[in-house]
Amino acid sequence: MKIRHGVLSIGLLALAACSWMPHFGKDRAPKQQMLMKSLAGEVDYALSHPLPADAYLEVTLADVSKQDAPARVIATDRIVPIGSSPVSFVLGYEPAELADGVDFAVSARIKQGDRTLAVNDTQVSVLGRSGNEGPVRIVISEIH
């Protein structure tokens, strides 16, 4: 009988410890617990010919802070089928990904496989120093 009570007591202590463990350290918030954010906008295009059936729209958010280095891609969205202009997009990103940069830009291009058919020719600054949190409008032009 004493052994059974001892095992039962140990079991109850173990269960109590398990229910306490998930709460350990909960009073301190994690250093960087942030929710995903998003940048929304539209891509406007006018092409002289119909889009090929296998064409797609690629929209990219990148850190363009370092002029002597390639842009660091933060988020990309690939839209298939493209549909008529303007095309809406939403880029999801983690705020922590922005920590190292101060200048960000969003770009868009219509592609067919590896071939680029249309691209924006002006930089569209967003987030960071620009303060532009969207919605943004990107105009892309046909490549000749």
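In what order do the elements of the protein run from the N terminus on? The order is α-β-β-β-β-β-β-β-β. That makes 1 helix and 8 strands. Helices (H or I, at least four residues) and strands (E, at least two) are DSSP runs, numbered from the N terminus.

This is a predicted model, in which local features need pLDDT of at least 70, side-chain atom pairs count only at pLDDT 80 or more, and totals for chains, interfaces and linings use all residues. Residues are numbered from 1 along each chain as its sequence is written, and side-chain values use heavy atoms, leaving out hydrogens and water.

**Strand β1**

β1 covers residues 37-45. The table gives both pairings.

**Residue D54**

D54 sits in the loop between β1 and β2 (56-63). Setting aside neighbours within four places in sequence, D54 contacts K111 and Q112. Contact means heavy atoms within 4.5 Å. The side chains of D54 and Q112 also make a polar contact, at 2.9 Å. Such a contact is a pair of N or O atoms within 3.5 Å; within protein, one must be able to donate a hydrogen and the other to accept it, and residues adjacent in sequence count only if both atoms are side-chain atoms. G113 is 59 residues from D54 along the chain, yet their C-alpha atoms are separated by 7.8 Å.

**Whole chain**

Among contacts between residues at least 6 apart in sequence, 65% join residues at least 24 apart.
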